[in-house]
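Hi,

Here is the structure I promised to pass on.

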Amino acid sequence: MASGAVRPKLAYIVCYVKDVPKSAAFYADAFGYSVRRVDDSHKWAELDTGSTTIAFTPLHQRETDALTGEVQLPKSPRERGPVEICFDYDDVDAAYRRAVENGAVPVSAPEQKNWGQKVGYVRDC
């Protein structure tokens, strides 16, 4: 077990996107969050999501591409990225409808899974 000095706390999930303000607005509308901030350069936005912040930044940045590599996107709509963001709602059906009504692409309607959760899938804009 890690000592308290090195115990991590999940602080940010950073999404690399084509349009920072548009993505922040979409997630706010589709999933029920509020936008905490969009910086003046439109290179950073955050949602008010509780203890872990969901943030948005451009796909490519001179500050990070040279250090960590360029962001790789799926080559086709049939491929998906390596990360999935999951939200937990009391009313999954209502949350799914809200997301789709606000521009999310429906993938799989909510259904009860054998492990006990009700799950639906959408894709972002």
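Ala-45 sits opposite Phe-56 of β4. That contact belongs to the antiparallel pairing of β3 with strand β4 (residues 53-58), made over two bridges; strands pair if DSSP finds at least two bridges between them. The strands themselves are DSSP runs (E, at least two residues), as helices are (H or I, at least four), numbered from the N terminus. Four residues lie between β3 and β4 in their hairpin, and Gly-50 in the turn has a positive phi of about 100 degrees.

On to the other partner: strand β2 (residues 34-38) runs antiparallel to strand β3 (residues 45-48), joined by four bridges. Here Val-35 faces Leu-47 in β3. This hairpin has six residues between the strands, with His-42 at a positive phi near 65 degrees.

How far can you trust it? This is a predicted model, where local features need pLDDT of at least 70, side-chain atom pairs count only at pLDDT 80 or more, and totals for chains, interfaces and linings use all residues. Residues are numbered from 1 along each chain as its sequence is written, and side-chain values use heavy atoms, leaving out hydrogens and water. The chain's mean pLDDT (the predictor's confidence in each residue, from 0 to 100) is 91, and 96% of its residues reach 70 or more. Confidence is lowest in helix α2 (residues 62-68), at a mean of 74, and highest in helix α3 (residues 92-101), at 98.

Cheers
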